[in-house]
Amino acid sequence: MMIRMGKTFRKLARSYDLQLKNIESYDSVYKKNVAFRAETDQGDYLIKPYVKPFLEPTRHLRQLTKSIEHLMALGYPQMPKWRLTKRGKIWKIYKGKRYYVTQWVQGRELQSERDYEELGNSVAHLHSLTKGLPGGDLTLSSTRARIRLLKLHYQHFQQQLKPCQQRPDPIGRWFRRHGEQCAELAEEAWYRIRKHDMKPLWREERAAPSIVHGDITVPNVIICPDGLYLVDWDRSGWGSTYEELVKLLLNTTNYQQDKMKAVLSGYEFIKPLQPIERILIGALYRVPREALYVVQRITKGKSSGSFKILKETWKERLEAIRWIDQWVADKNR
């Protein structure tokens, strides 16, 4: 939507040595005006305000800035080019808000298996290229920390499952039918992680962590004539590559096995996975996190739009779990 350029955007553009011609706003699923497309004398650019996370905002900003600086220095090709201010800075603070500017990337969404293979390839390149770079802080974002957080969500799920099942609405009916199955999936995931010695993976991750994108979803993957781009790097920093790969599969493939296979094939072309790594990925994929989040929201009195997706894709979700179990078994023969 075209909006008035206003003093804010004109000044921001000048800070980045750009002359603004027009400005257009874009909304996310949950919020309006989350990003802006700026038409300037030097082409089109994205102007985006930085949104502080609820937890550790200072730490997050420090990690985000370091990770972007590393990726710029390395020339990671799947990231849009970041524009620096006249003073050589990534960020510009104006009226208490922090902004950044990157090139505007125009293209299409993921479609073919080749696109998904290229996506896996690009993410593996990110993880391998940045492994062991200085400045990594895994205090809250290691694989073990992510597992602990998932277990906390699961404990809440256990406590609230019966009240949820007693609801007289479609949510209650669904959890009466599938709630115990959700619990079994999670318990099996924890068992598989306990059963195998993951300590070598934890040590390696702690000694040489990698930068992750942090939010790989369909809208954040753009296919252009010159290749694939990952956009919206607001959540990037040092983190769990295993959790990133699992969430990528959950958020982009819609549980379609041909797309899952393409992503994993593309990933392993660059970064082959050991049998123990496949076991960990399979276990993390098994956790029915969508169900956990639905219960968490409704017990807080909030609506959960994701329930419809959970209900409509449950059969495909179970089939995808069976497929990934086979993928794990194939490597361990």
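The questions and answers that follow treat these topics in turn.

The model is predicted, so local features need pLDDT of at least 70 and side-chain atom pairs count only at pLDDT 80 or more, while totals for chains, interfaces and linings use all residues. Residues are numbered from 1 along each chain as its sequence is written, and side-chain values use heavy atoms, with hydrogens and water left out.

Q: Which helix supplies the largest share of the lining of the second largest pocket?
A: A pocket is an open set of points on a 1 Å grid over the protein atoms alone, where a 1.4 Å probe fits, with protein on both sides within 12 Å along at least five of seven lines; lining residues have an atom within 4 Å of a point. Helices are DSSP runs of H or I with at least four residues, strands are runs of E with at least two, and both are numbered from the N terminus. At least two lining residues come from each of helix H4 (143-165), helix H5 (170-195) and helix H6 (199-207). The largest share, four residues, belongs to H4.

Q: What is the volume of the second largest pocket?
A: The lining consists of Arg144, Ile147, Arg148, Lys151, Ile193, Arg194, Met198, Lys199 and Trp202. A volume is the space filled by probe spheres set on the grid points, which are joined across faces, edges and corners. For the second largest pocket this volume is about 200 Å³.

Q: How many charged residues are in the lining of the second largest pocket?
A: Asp, Glu, Lys and Arg count as charged; Ala, Val, Leu, Ile, Met, Phe, Trp, Tyr, Cys and Pro as nonpolar; and the others, Gly among them, as polar. The lining has four nonpolar residues and no polar ones, and its charged residues number five.

Q: Why is the pair of Trp82 and Trp91 edge-to-face?
A: Rings of Phe, Tyr and Trp (its six-membered ring) pair if their centres lie within 6.5 Å, and planes under 30 degrees apart count as stacked, over 60 as edge-to-face and the rest as tilted. The whole structure contains 13 aromatic pairs. For Trp82 and Trp91 the centres are 6.4 Å apart, and the pair is edge-to-face because the planes stand at 80°.

Q: Where in the chain does Phe307 lie?
A: The ring centres of Trp174 and Phe307 are 6.4 Å apart and the planes are at 90°, so this pair is edge-to-face. It links distant parts of the chain, 133 residues apart, with Trp174 in helix H5 and Phe307 in helix H11 (residues 306-331).

Q: Are Trp174 and Phe307 buried or exposed?
A: Relative accessible area, computed with a 1.4 Å probe on protein chains only, is under 20% for buried residues, over 50% for exposed ones and in between for partly exposed ones. Ring pairs place Trp174 and Phe307 in a cluster with Tyr154, Phe157, Phe175, Trp190 and Trp314. Both Trp174 and Phe307 are buried.

Q: How many residues apart in sequence are the parts tied together by Lys48 and Asp234?
A: A salt bridge is a side-chain nitrogen of Lys or Arg within 4 Å of a carboxyl oxygen of Asp or Glu. Lys48 and Asp234 form one at 2.9 Å, N to O, and both residues are buried. Lys48 lies in strand E4 (residues 43-49) and Asp234 in the loop between strand E10 (227-230) and strand E11 (237-239), so the parts they tie together are apart by 186 residues.

Q: What is the relative accessible area of Arg37?
A: Arg37 and Asp44 meet through their side chains in a salt bridge (2.9 Å, N to O). Asp44 is partly exposed, with a relative accessible area of 29%. Arg37 is also partly exposed, and its value is 22%.

Q: Which residue has a positive phi of about 55°?
A: Most residues other than glycine have a negative phi. The residue asked for is in the loop between strand E6 (92-94) and strand E7 (97-103), and is exposed, with a relative accessible area of 68%. Although not a glycine, the residue with this positive phi is Lys95.
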